[in-house]
Amino acid sequence: MKHFLTALILLGTMNAQAWTIESKVQVGSKGEFIDTVTLFCRADESLCETVCSDKNACHKEQELCFNCLGTANPVLRTVFTEVDRLYRNTLQAVPVQDTAKVFKSSHVFIAARSIYNFYSAIDSVEVQTRFQNLCPNPSAQPLLVLEKNLNNEPTRIKYVICDGTGPYNQEMQVLEYSPRVESGAQEIKLNKP
């Protein structure tokens with residue numbers, strides 16, 4: 001029985017996904033902000049190859065989304081001011097085989113340090129703490145993934161990417177996200193966690 005459990009643990013470890021994602025804001029040669037998201041994969045991981053046909057890493061320069069630079073978009077206002085109060089983590093991890101779709105789809109990836117944060121300082125500890133509190137495990141740099149409509153405008157928070165082993169024994173996980181509140185006639189009710 002002991003050998004069977006050891007073999008089962010080793011098999012589970014061999015199937016672990018080994019990828020990380022990083023968001024970086026830099027200033028370009030003309031003074032413009034460049035927001036990039038990079039997906040890094042371990043040598044035995046196929047996610048990068050599936051996403052961008054490169055075995056090691058996928059680099060994505062974020063496109064400017066419509067109505068994102070400024071304070072007009074209510075979704076971005078929520079992301080930087082109240083995300084931890086109004087949204088909750090469902091703890092439902094996206095299955096390993098569906099993870100590539102998150103990166104291949106036309107989403108906006110938002111880190112706490114973002115060119116879209118017009119609500120506080122770019123290195124705000126408060127915003128970083130809000131983002132970190134969205135994850136079930138300690139996460140250095142969680143990313144929110146926003147869905148866009150046909151006009152290239154963010155419409156809702158769809159996923160959060162966190163560090164941690166998660167149910168699929170991976171170094172990082174993509175978790176589904178949902179509203180914490182429902183608004184009725186004139187009343188706001190908290191959803192049950």
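A: Let us begin with burial: a residue counts as buried under 20% relative accessible area, as exposed over 50%, and as partly exposed in between, with a 1.4 Å probe and protein chains only. This is a predicted model, in which local features need pLDDT of at least 70 and side-chain atom pairs count only at pLDDT 80 or more, while totals for chains, interfaces and linings use all residues. Residues are numbered from 1 along each chain as its sequence is written, and side-chain values use heavy atoms, with hydrogens and water left out.

Q: What percentage of the residues in the protein chain is buried, and which elements make up its secondary structure?
A: Buried residues account for 42% of the 193 residues in the protein chain. Its secondary structure consists of six helices and ten strands, where helices (H or I, at least four residues) and strands (E, at least two) are DSSP runs numbered from the N terminus. The protein chain exposes about 11,100 Å², of which carbon and sulfur atoms supply 54%; such areas come from the Shrake-Rupley method with a 1.4 Å probe, and for residues only the protein chains shown count as cover.

Q: How should I read contacts, and what percentage of them joins residues 24 or more positions apart?
A: A contact means heavy atoms within 4.5 Å. Among the contacts in the protein chain with a separation of 6 or more, 59% are between residues 24 or more positions apart.

Q: Which residues does Gln 62 touch, and where in the chain is Gln 62 placed?
A: Gln 62 sits in the loop between strand S3 (57-61) and helix H3 (74-81), and with a relative accessibility of 9% this loop residue counts as buried. Leaving aside residues up to four places away in sequence, Gln 62 touches Asp 35, Thr 36, Val 37, His 107, Val 108, Phe 109 and Ile 110. For a distance in space, take Gln 62 and Ser 23, which are 39 residues apart in sequence and 9.7 Å apart from C-alpha to C-alpha.

Q: How are aromatic pairs described, and how many does a search of the whole structure find?
A: A pair of aromatic rings is described by the distance of the centres and the angle of the planes. Rings of Phe, Tyr and Trp (its six-membered ring) pair if their centres lie within 6.5 Å, and planes under 30 degrees apart count as stacked, over 60 as edge-to-face and the rest as tilted. A search of the whole structure finds four aromatic pairs. One of them joins Trp 19 and Phe 103, which are edge-to-face at 5.5 Å centre to centre with 80° between the planes. Because Trp 19 lies in strand S1 (residues 19-27) and Phe 103 in helix H5 (residues 99-104), this pair ties together parts that are 84 residues apart in sequence. Trp 19 and Phe 103 are both buried.

Q: Why is the pair of Phe 80 and Phe 131 stacked?
A: The ring centres of Phe 80 and Phe 131 are 6.2 Å apart and their planes are at 25°, so the pair is stacked. Since Phe 80 lies in helix H3 and Phe 131 in helix H6, the pair ties together parts that are 51 residues apart in sequence. Phe 80 is buried, with a relative accessible area of 1%, and Phe 131 is buried, also with a relative accessible area of 1%. Elsewhere, ring pairs link Trp 19, Phe 103 and Phe 109 into a cluster.

Q: What is a disulfide, and how many does the structure hold?
A: A disulfide is a covalent bond between the sulfur atoms of two cysteines, and in this model the term is applied to a pair of cysteine sulfur atoms within 2.5 Å. The structure holds three disulfides.

Q: Is the disulfide of Cys 41 and Cys 48 right-handed or left-handed?
A: The torsion about the S-S bond of Cys 41 and Cys 48 is about 90°, so the disulfide is right-handed, and the two sulfur atoms are 2.1 Å apart. Cys 41 counts as buried at 11% relative accessibility, and Cys 48 is buried with a relative accessible area of 0%.

Q: Is Cys 52 buried or partly exposed?
A: Cys 52 is partly exposed, with a relative accessible area of 36%, whereas Cys 58 is buried, with a relative accessible area of 6%. Cys 52 and Cys 58 form a disulfide with their sulfur atoms 2.1 Å apart, and the torsion about their S-S bond is about -85°, so this disulfide is left-handed.

Q: Which parts does the pair of Cys 135 and Cys 162 tie together?
A: Cys 135 and Cys 162 form a disulfide with their sulfur atoms 2.0 Å apart. Cys 135 lies in the loop between H6 and S6 and Cys 162 in strand S7 (residues 154-163), so the pair ties together parts that are 27 residues apart in sequence. Cys 135 and Cys 162 are both buried. Ser 139 is placed in the loop between helix H6 (125-132) and strand S6 (143-148), and Cys 162 is among the residues that Ser 139 touches.
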